[in-house]
Structures are given as C-alpha cells and as structure tokens.
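Hello,

Please find the structure below. My notes come after it.

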Amino acid sequence: MKQIVLKHALDHKPTAADFDVIELEAPACGEAQILVRIVHLSLDPYVGSRIRGRHMGEVPPEPGAGVIPGAAVAQVVESKIQGVSVGDWVHTMDAGWREYAALDAGAFRIIDPNAAPLAAHAGVLGMPGLTAWSGITQLAKVGDGDVVLVDAAAGTVGGTVGQIARLKGASKVIGIAGGPDKCAMVVNEYGFDACVDYKQDNWTAILDTEAPDGVSVHFENVGVSILNQITPRLKLYGRAILCGLAEQYHSDGPPPGLNAGMIVGKRAAIMGLIVYDFYPRWDEYVAEAGPWVTSGSLKFVEDRMDGLETAPALFEKLMNGQNMGKCVVGVASEQI
Ligand code: NDP
C-alpha cells in the first residue's frame, strides 16, 4: 500500500515538499481488530501542529516511517471483531495518511451508508461538524433570536456553526472569512445572512452595519486578533466560544496578551461577573454565609484605621496594593 510520511522532523509550517510517498506491506488484521481500506481521508488544521509536536503534548510521527494522523471514512475488508462484517462502513480518527489501516475495537464507529452521503462523515458529520454542533448546542446554547457570528466561516467548522445556529433559531447568522470568493460561498452555499471579508481595511465598520446592536454569540476559529475586535461588539451576556487559533498554530511563539491556547486546552469557561446582577440575592447570601462567619469557618481580615481623617491615607495604601485585607475606617464606635 501507499503511505505518506514526513521526510524530516519539522520546525516550520508544513509544505508539500516536507512529505514523501512510500510503498509498504498493508498491515495485517490482528486479533480483535478490523482491517479497513481508507476511502475519504480528512485533512484538518490540527494535524499541522500535531506533526510538529505542537499539539496536546503528542509525539510527532517518526520521519520516513511514522503514520501522519488523520480521520477517515473507511470500509471493512477483513474483520476479527464480532458484529463487524466485511463491507461495513466506519468512521475512524485513527486512519492516517495511508491506504489501509488495522483498527482496534473502540477506534472506529460503524456508520450507515444510507443515512447520509458517506463523504459527509469526513467533514460536516465528522469531527469538524461535531465541533460546530457542540459549541452551538452544548456550550453557547444558541436559541431563538440569537445573532451569531463565526470566523473562518467558509471552513467546515465555521460553515456548520452558522447553519446549525440558524436551524436552532438564530435570527441572524454572520460569517467572517478571508476574501470575496470565500464570502460569496458562505452566503450562497451555506445560506448565511451576510459574510464580512476581514482582509478589507474597513471590515469592522461593515460588520457594524450587519450587526448594529452587536452579536449575542461569537464562535472563534482564528485567534485573538479577531476576538479582540469582536468582544467590544458582544451584547451584554454574550457568549463567545473559543474553538480554534488558526493564526497562531505555526507562529514562532504565542502572541502577547491572553494565552488563548491555554483556555482552549483546559476547556475553560471565562465569564464576566458584575455583582450588581446578584444584588437581589444579597439576603440569601448573608443567610448562608453569616453562620460561617460566626462559627469561624469563613474568616475575614481587616486593614483598619480609626478616625474619618485616616481615610485618605488608608485609601492611598489600597491604591498602591499595600493593604492586607479589607480596608475599613472606624468612623465611630458601635456603642452609642
Ligand atoms: P478551515 O477549513 O476553516 O481552515 C482554517 C481557516 O482558518 C482557513 O481557511 C482560514 O480561513 C483561517 N485562517 C486564518 N488565519 C490563518 C492562518 N494564519 N493560517 C491558516 N489558516 C488561517 O478549518 P476547520 O473548519 O477544520 O477548523 C476551523 C478551526 O476550528 C481551526 O482553527 C481548527 O483548528 C479548529 N478546531 C478546533 C477543534 C476543537 O476541538 N477546539 C476541533 C476542530 C477544529 P479565512 O481565510 O477565512 O480566515
């Protein structure tokens, strides 16, 4: 069979010249395995980072021999797993850039070739589609009336994000993409309401005309340079999904400021908090925490000065970060 391998270890954004085609024996179907012929191989942005050793700590494939990772739609040609038959179709994340693969149970899902076009499982029903669905329905929980914005909108994740958002009730779906051809595709093929070409100088002004009241959901696929333009345009209680950082996968180092890669890796939710929203629940808080304070299980420390005239000095201490605990001025005695 044929297999694509790296010519050498990579320290740069991969180019076609970094790969070789080799011929080797197809793998044997081991016990409790299936052997598949790979039919639709998915190429994904993460693979560029993965083969440089820059993805989730995984070891890059060995030059000349290692399998380049890739998901695929494949057909079973031999089976040593009960319930899986020759001719069955599977989706696997463990295919690799090669013609045949031997897969353990658990490394594939059987798919129904009649339920949807097989090739769809490489993209819109595959990992990128699942990414879009997860962000829109499970994290952002898009519903009626949401104004949804997504970048890299011409790609599978972005294009699926907008379409699922529409199916879930979004009132307006706007894409951001690089260039007029991509934008035309986003509108004409995916059916977005609008698409803004961010390679134009005045793209944020155009975005403002498309979303004059801001956006309630933003789905970020490109990185902090776009995100920083969108956060001021989020409506109150807007939700932003940080999904991809395509612009920095091959940069020399992380960009200054927010370490967005860490937020993605940790699946962290960063939420804005304004205490005003909780004022109506103040009594509830005191009812719960008052006994903790009284019993000593919730401690408090004061940086206290007595006499109203001490307020400016204590405040200066606070401004300079020299306070130790809660700055309180004792203005009068508790006893009358
Ligand atoms: P796409 O087909 O959308 O390809 C990536 C796109 O990113 C490009 O076409 C380009 O679109 C844009 N881009 C912007 N800047 C750069 C740059 N410097 N280099 C390369 N591309 C750039 O990919 P997918 O639909 O497969 O994935 C979209 C994003 O989602 C990716 O960032 C991917 O890594 C991420 N992802 C994250 C997952 C997760 O679990 N968090 C899972 C799956 C994907 P344009 O010209 O329009 O800007």
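Predicted model: local features only at pLDDT ≥ 70, side-chain atom pairs only at ≥ 80, totals over all residues.

Residues are numbered from 1 along each chain as its sequence is written, and side-chain values use heavy atoms, leaving out hydrogens and water.

A nonpolar core here is a set of buried (under 20% relative accessible area, 1.4 Å probe, protein chains only) Ala, Val, Leu, Ile, Met, Phe, Trp, Tyr and Cys residues joined through side-chain atoms within 4.5 Å. The largest has 22 residues, and I136, V142, V148, V161, A165 and F219 touch the most other members. Helix α3 (156-167) is among the elements that supply at least two residues each; α3 gives the most, with four. Beyond its neighbours within four places in sequence, F219 is in contact (heavy atoms within 4.5 Å) with residues including T131, I136, V161 and C243. A second, separate core of 14 residues includes V36, I38, A72 and V84.

The second largest pocket is lined by 15 residues, with K13, P14, P45, G48 and H250 nearest its centre. A pocket is an open set of points on a 1 Å grid over the protein atoms alone, with protein on both sides within 12 Å along at least five of seven lines; lining residues have an atom within 4 Å of a point.

Regards

Definitions and conventions:
Buried < 20%, exposed > 50% of the residue type's maximum accessible area, 1.4 Å probe, protein only. 1 Å grid on protein atoms, 1.4 Å probe; cavity = no way out; pocket = protein on both sides within 12 Å on 5 of 7 lines; lining within 4 Å.
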